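My remarks follow as numbered points.

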Amino acid sequence: MNTHSLHHSGISRREFLKFCTTTASLLALPPSMIPQIAQALQNAPRQSVIWLSFQECTACTESLLRTYTPATVDKLLFHLISLDYHHTLQAAAGHAAEQALAAAVKANYGKYLVIVDGSIPVGNPGYSTIAGISNKDMLLEVAKGAKAVIASGTCASYGGLPHAHPNPTGAVPIQELIRDKPVVNVPGCPPVPGSLASVIVYYLTFQKLPHLDSLKRPLPFFGQNIHNHCARLHFYEDKKFAKSFDDRGAKQGWCLLKLGCKGPLTYNACATLKWNGGVSSPIEAGHGCLGCSEPDFWDAGSFYKALPEGLHHRHRHGEGRGMGNGMGNRMGGRMGNGMGPGGGRMNGGGNRHRHGRDQEE
Ligand code: SF4
Ligand code: SF4
Ligand code: F3S
C-alpha cells in the first residue's frame, strides 16, 4: 500500500501515520518502531486472508466490522489485506462460493493467513458441514497452505458455547486440530475488535505473531486482567459494592464484584481498548464481566455469583496467571461444588473470608 494507493483510498498521510502510531501504542511497541511499521505497511503487498466460519454465531465477524481502533475496517484494514474468502460476507453462493475458496487457496498457497471463527464438531462431523464437507476436513485442507492461523473469538480459541457441557457436537478449538502451523487465539465472545485488527497489522509489519501467553493469546491485549484497569477499581478498593442492579451503589457506579463480576480472573483488553470506538465496555455499561475471553466460561457456574474472596484477591495481584486450565476449573476448585450446566450452583465459599465491612445500599 504505497502513498499513491493511500491517496486513492481516500486516506491521508496524516491518518495513516496516526494509524501506525496507535497500532504501536496498542501493541506496547516503543515510538521508535513507528517508522518501521509505516514503512512495512506501505511496502507490503496486500496480505491474502481466508476467513472460515464453523460452529459460530457470526458476532465475531460483526465485531470486526465495527472496528474503530486502530482504524475503521473499510478505511484501512481492508486496504492492507485482501479478504479473498469469507463465508459470511462474500456475495457468492453455492458452487461459485466453493470455486472462490479453491481459487483463493491456489492463488496464494503457502502465503495466506487463515482466520477462523467457530469451533469444530469432531464428535459427529455431520453436525456442521459446508458444501457437504465437514468443518474438520475443510479446516485441515485450507490450513495446509497457510502461514499462520488466527482463532477469532472464544469458540475458535477454546470451543466456546458449542463446547459448553454437555458439548453435544464434540466441539474442539482450532488449536487442537492445527499442530503444525503457528496459531494465535484472540478470544472474547466476541473479541474486542481492535485486538484482532492489531494482531493482523502486527503480522503484516513483522511477518510473525506477537508474543503469546500460555493460552496462545497475544500478550499486548491479554497480559493484564480487566480488574486492574477497571473504572470501578477505586470502589473495589474502598469496599463499595453494588448489591443489586438497581440499588444506590449501582447507580453510583460501585464495584460489581458481588453481582458476579469475573474481572479479576479475566484477561482481555475491554477496560483499555473498550468497544464502539472507545466509548464504553460491559462493566462501564453496568454489567459485571462474564469472563468471556477465558476457557470454559459458560461452565463456570452462575454469571451472577460473586467470586470467593481469596480468589479475587489473588488474581488482583496477578498470581495464578497463565494456569491454562480454564475458568471453570480455576473457580471450580475453589467454589467446591463442581461447575456444570444450569449455572447458579456456585455455592462453595462465597464471602466467608471477608476482610472488613463492605459498604452497601
Ligand atoms: Fe459467537 Fe461468541 Fe462464538 Fe464469537 S465466540 S462465534 S461471538 S458465540
Ligand atoms: Fe471492576 Fe469487576 Fe474488579 Fe469490580 S470486580 S473493580 S467491577 S473488574
Ligand atoms: Fe467479555 Fe468481560 Fe470483556 S464479559 S467482553 S471479557 S468485560
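This is a predicted model: local features need pLDDT of at least 70, side-chain atom pairs count only at pLDDT 80 or more; totals for chains, interfaces and linings use all residues.

1. Buried is used here for a relative accessible area under 20%, exposed for one over 50%, and partly exposed for what falls in between, with a 1.4 Å probe and protein chains only. Helices (H or I, at least four residues) and strands (E, at least two) are DSSP runs, numbered from the N terminus. In strand S9, Val 183 and Asn 185 point one way while Val 184 and Val 186 point the other way, and all are buried.

2. Residues are numbered from 1 along each chain as its sequence is written, chains are lettered from A and ligands numbered from 1 in the order in which they are written, and side-chain values use heavy atoms, with hydrogens and water left out.

3. Strand S7 (residues 146–152) is mostly covered, since six of its seven residues are buried. Two strands are said to pair if DSSP finds at least two bridges between them. By that rule strand S3 (residues 112–117) pairs with S7 in the parallel sense over five bridges, and Val 116 has Ala 151 of S7 as its bridge partner.

4. Most residues other than glycine have a negative phi, and most peptide bonds are trans, so the following places deserve a look in the backbone. The peptide bond from His 165 to Pro 166 is cis, with omega near 10 degrees, and Pro 166 lies in the loop between helix H9 (160–163) and strand S8 (171–172). Cys 189 and Pro 190 are likewise joined by a cis peptide bond, with omega about 0 degrees, and Pro 190 lies in the loop between strand S9 (183–186) and helix H10 (193–206).

5. Ala 131 has a positive phi near 55 degrees; this residue is found in the loop between strand S5 (129–130) and strand S6 (133–134), and is exposed, with a relative accessible area of 55%. Gln 207 also has a positive phi, of about 55 degrees, although it is not a glycine. Its place is in the loop between H10 and helix H11 (219–222), and Gln 207 is partly exposed, with a relative accessible area of 41%.

6. Which residues surround ligand 1? Counting a residue as near when one of its heavy atoms lies within 4 Å of the molecule, they are Glu 56, Cys 57, Ala 59, Cys 60, Gly 153, Thr 154, Cys 155, Gly 188, Cys 189 and Pro 190. The elements that give two or more residues to this shell are helix H4 (59–65) and helix H8 (154–158). If Ala, Val, Leu, Ile, Met, Phe, Trp, Tyr, Cys and Pro count as nonpolar, Asp, Glu, Lys and Arg as charged, and the others, Gly among them, as polar, the shell around ligand 1 divides into six nonpolar, three polar and one charged.

7. The shell around ligand 3 includes Ile 226, Thr 266, Asn 268, Cys 270 and Trp 275, and by class it has seven nonpolar, three polar and no charged residues.

8. Arg 232 lies in the loop between H11 and helix H12 (233–237) and is buried, with a relative accessible area of 10%. The C-alpha atoms of Arg 232 and Ile 283, 51 residues apart along the chain, are separated by 8.3 Å.
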